[in-house]
Structure formats: structure tokens, C-alpha cells
Amino acid sequence: MASSLLSFASASPLALLDPLKVNPRVGGSNQATFLGKNFIKTKSFTRTSMAVAVDVSKFNEVTMAPPDPILGVSEAFRADTHEMKLNLGVGAYRTEDLQPYVLDVVKKAENLMLERGENKEYLPIEGLAAFNKATAELLFGAESTVLQQQRVATVQGLSGTGSLRLAAVLIERYFPGAKVLISAPTWGNHKNIFNDAGVPWSEYRYYDPKTVGLDFDGMISDIKAAPAGSFVLVHGCAHNPTGIDPTPEQWEVIADVIQEKKHIPFFDVAYQGFASGSLDEDASSVRLFADRGMELLVAQSYSKNLGLYSERIGAINVVCSSSEVAQRVKSQLKRIARPMYSNPPIHGARIVANVVGTPDLFNEWKEEMASMAGRIKSVRKKLYDSITSKEKTSKDWSFILKQIGMFSFTGLNKAQSENMTSKWHVYMTKDGRISLAGLSAAKCDYLADAIIDSYHNVS
């Protein structure tokens with residue numbers, strides 16, 4: 001029905017009464033039914049109108065959700081027509097021309113799939129076996145003790161987010177009341193994941209605004225003060241949003257405290273190989289804890305290092321005390337996944353398995369990763385040089401060089417970040433984080449002007 005108002009010509013009373021009969025339950029009232037719906041009869045000079053009595057929506061109490069603080073940035077960016085606009089909000093790699101990049105090694109892996117004529121049958125709940133083997137070896141090292149002893153339960157997940165969610169549900173079911181400690185600040189979706197899984201969380205100090213660096217003493221103090229047996233969520237490398245990582249020596253101290261307090265370390269590894277350009281170097285923090293014989297959880301993602309953003313490919317790994325415990329943990333992860341999404345998608349899993357499992361492709365991938373990481377490092381240096389050449393005060397901007405990965409925490413507050421967007425058309429998250437992966441060398445001077453103006457002229 002195109003309108004809630006239906007009009008019928010009153011040429012004949014029978015023509016009207018045939019499809020439309022007076023509702024006997026309302027006696028002589030002017031309410032009638034037509035095709036099972038209630039109408040109110042109203043008369044004009046020559047026409048009879050029927051107005052639909054619409055029920056109040058059962059979803060009336062559903063409120064409008066706020067826009068996602070990260071993905072909403074891209075929506076605003078697309079609507080902007082300014083020629084110098086920059087999207088530094090979403091962490092997605094771009095070329096020097098600021099275009100999306102599909103790795104050559106990914107194209108070759110997909111060609112292999114076509115040549116083999118592989119089918120699209122359902123995967124097992126835990127995912128593609130070749131992927132699970134490849135991803136665990138990539139993370140822990142093929143010769144690692146935990147893999148040799150079969151102490152790792154690995155389940156393919158829906159990228160990092162889905163893998164974190166599987167772990168969160170596992171915690172809620174088998175560690176009731178246990179709290180997850182999260183860095184302040186952290187990736188915006190971490191809190192949403194644990195909130196929706198019903199897992200309590202609290203923050204530990206991480207970022208020091210005075211130094212735009214790591215508040216290591218605060219971090220250690222808060223981990224020590226947490227109830228024994230808490231889960232401590234840490235970023236394996238390239239901390240998001242700050243780009244500030246502990247040093248190797250500081251990782252040792254963190255491991256000491258977690259062991260002492262009988263906490264359970266929980267790693268989020270979203271940038272292995274993409275931070276430093278080395279897969280082994282970026283996995284060193286995870287391997288340090290595993291080599292100590294600690295039980296731990298590790299969520300992985302291949303969105304960044306293989307550019308498989310839309311394939312939603314990742315894994316959750318749980319390092320256990322024995323192979324028997326690992327088998328039981330894996331069975332419960334599968335039990336969690338089954339009613340959630342049944343089984344994971346196959347395309348991205350085969351790409352990863354082909355790349356990691358084919359020596360030529362694996363070596364080519366490492367070269368491409370190093371190239372991508374190198375481009376980000378070069379624009380980081382270019383931005384620092386541009387700012388310091390224009391800066392006329394004694395402000396120290398060296399933190400830009402000390403940070404690692406695709407993000408830089410600029411130290412700009414919310415008002416200053418809003419000025420970056422409203423005046424300079426630079427789209428970024430309101431916490432002052434910018435994605436250097438979305439910056440080109442050609443626009444570093446422009447971005448430097450925007451940062452200096454926002455820092456000095458907006459309180």
C-alpha cells in the first residue's frame with residue numbers, strides 16, 4: 001500500500017461493502033476491516049476515505065546508536081570535497097598515492113587457488129588445518145617448545161576482533177569474575193568486546209602525556225595491584241593507539257610481575273611483521289612469555305600484514321600446561337564458535353596458508369612487508385623533519401620518531417583534534433591518534449602546518 005490512506009469511489013454501496021465489511025465487534029461504529037486490517041471510515045462530499053490504525057512499533061524503545069569513533073571518521077572524510085583532505089583515522093595501508101594496496105603475494109596465492117580448482121565446502125569449526133598450523137608457527141616459531149609439545153590450542157577466528165571475542169567468552173565461562181586489565185588508552189573496540197561478553201575490565205596506566213611516552217612505573221604498579229589471576233591484555237607490538245612499545249628489558253620486567261602475581265597474559269597481535277618489518281622481532285614479546293612456560297592467550301590478525309582487511313582472517317591461540325589441557329580448551333573454543341558463526345570463511349585462510357607454506361611466496365611476503373613498514377618509517381621521519389623545521393618553540397617532537405608501527409599519538413587533545421578536521425580537513429580520532437599509513441611524503445608539510453597550528457592556537 002503506497003499510503004496509509006485508502007480512498008474508494010462511492011458509486012455503489014455494494015461495491016464498497018463487498019471487499020470491506022463492517023466489523024461486527026464494534027457494532028455501529030465507523031470502524032471497518034479490509035484484508036484483515038482495521039480502518040476508520042471518514043466521509044467527504046463524493047468519496048469515502050479509510051485511514052489505517054497503525055500499531056505502535058514494538059521497537060520504539062530502540063535508541064539511535066552513536067557512530068563508530070573510527071569507522072565514522074571515514075564516512076565524514078568521503079563527504080569532504082577539499083583537495084588537501086587527509087584520512088588518518090582508519091588503520092589501513094595506503095600507497096604513496098594514498099590508494100589501497102593489494103599485495104602481489106596475495107594475488108599469486110589467489111592464483112594458486114584458482115589453478116588448483118579448490119572447492120568452497122564448509123570448513124571444520126576450528127578452521128583450515130593448514131592455516132592453523134602456519135599461523136601458530138609464524139607466531140611461536142616452527143621449532144618452539146610449546147608447538148613441539150602440542151600445548152597450543154589454535155582456532156581460526158574472524159580476524160582479530162572475532163578471535164578476541166572467542167577468548168572473551170572463554171574467560172566469562174571458565175574464569176567467572178576474573179577481570180581483564182586493559183591499557184589506558186587502548187584500541188577502541190577492546191572495551192566493547194569485553195562489555196558485550198560480560199567480562200569485567202579495568203585499566204592500567206600506560207601513556208604518559210607529559211613525555212608522550214610509556215608510563216612504565218605506573219603500568220607495573222597497576223599490574224602488581226590487580227587481584228591475583230587477572231588477565232593482562234597487552235599489545236604484542238606497535239601498541240594501538242600510541243605506537244609506544246616497551247623495550248626488551250621492560251618486557252622482561254612485565255613478565256616477572258605477571259608471573260609473580262599469577263596473572264594470565266593475553267596478547268593482541270595485530271601487526272606482526274608490519275611494525276619493524278621483521279616477523280620474528282615483532283613476535284619476540286609473545287615468545288618471551290611462552291619460553292618461560294607460562295599459560296597465555298594470543299589473538300592474531302592478518303588485516304594489516306597481508307592487507308586482508310575484508311577477508312576477516314585471524315586466530316585465537318591458547319598456550320596451556322599440557323597437550324591434554326590444550327585439547328579440552330580447543331573443544332570449548334569450538335563449542336563457543338558453533339552457535340556464534342558455525343565455522344569460519346575459507347578464502348583468507350587459504351591465502352595465509354599458501355603464502356606461509358610456500359617458500360618462494362613466504363620470502364616475497366617478507367620483502368613486501370619490509371617495504372610497507374619502510375614507507376611508514378619514511379613518512380614518520382619526513383613528518384618529524386617537517387614539524388621541527390617549522391616549529392619556532394622549544395617543544396620536543398622526538399616522540400614521533402620513538403613510536404613504532406602505523407600509528408602516532410600526537411599528544412593533541414580533543415579540541416585540537418577537532419580543529420585538525422574542521423579547519424585543516426585532516427580526519428583523525430579525537431584522542432589525537434593519526435595513522436601514518438594514510439599519509440604520503442607529499443602531504444607531510446601540510447600535516448605539519450595543521451599540527452603546529454592546532455597545538456599552539458587551540459587550548
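A search of the whole structure, which is a predicted model, returned one cavity of 30 Å³ or more. On a 1 Å grid over the protein atoms alone, a cavity is a set of points where a 1.4 Å probe fits but cannot get out; grid points are joined across faces, edges and corners, and a volume is the space filled by probe spheres set on the points. The largest cavity holds about 40 Å³ of space. Its lining, meaning residues with an atom within 4 Å of a point, consists of Tyr-204, Tyr-206, Met-219, Val-234, His-235, His-239, Pro-246 and Trp-251. Six of these residues are nonpolar, two are polar and none is charged (Ala, Val, Leu, Ile, Met, Phe, Trp, Tyr, Cys and Pro count as nonpolar, Asp, Glu, Lys and Arg as charged, and the others, Gly among them, as polar).

Pockets were defined as open sets of points with protein on both sides within 12 Å along at least five of seven lines. The largest pocket has a volume of about 1,100 Å³. Of its 44 lining residues, Ile-70, Trp-187, Gly-188, Asn-189 and Arg-433 are the closest to the centre. Two or more lining residues come from each of helices H2 (71–79), H6 (159–174) and H7 (188–196), where helices (H or I, at least four residues) and strands (E, at least two) are DSSP runs numbered from the N terminus. H7 gives the most, with five residues. The lining comprises 19 nonpolar, 16 polar and nine charged residues.

The second largest pocket contains about 650 Å³ of space and is lined by 30 residues, with Ile-244, Asp-245, Pro-246, Thr-247 and Pro-248 nearest its centre. Strand S11 (213–214) and helices H9 (248–260), H10 (279–282), H11 (284–291) and H15 (399–402) each give two or more residues to this lining. The largest share, four residues, comes from H9. By class, the lining has 11 nonpolar, 11 polar and eight charged residues.

Helices H3 (residues 104–116) and H13 (residues 347–357) pack at an angle of about 105 degrees, with axes 9 Å apart. Axes are lines fitted to C-alpha atoms, for helices over the stretch in contact, and angles run from 0 to 180 degrees between N-to-C directions. H3 is therefore roughly perpendicular to H13 (65 to 115 degrees). The contact (heavy atoms within 4.5 Å) involves Val-105, Val-106, Ala-109, Glu-110, Leu-112, Met-113 and Arg-116 of H3 and His-347, Arg-350, Ile-351, Asn-354 and Val-355 of H13. These residues divide into seven nonpolar, two polar and three charged.

Residues are numbered from 1 along each chain as its sequence is written, and side-chain values use heavy atoms, with hydrogens and water left out. Local features need pLDDT of at least 70 and side-chain atom pairs count only at pLDDT 80 or more, whereas totals for chains, interfaces and linings use all residues.

How values were computed. Parallel < 35°, antiparallel > 145°, perpendicular 65-115°, else oblique.
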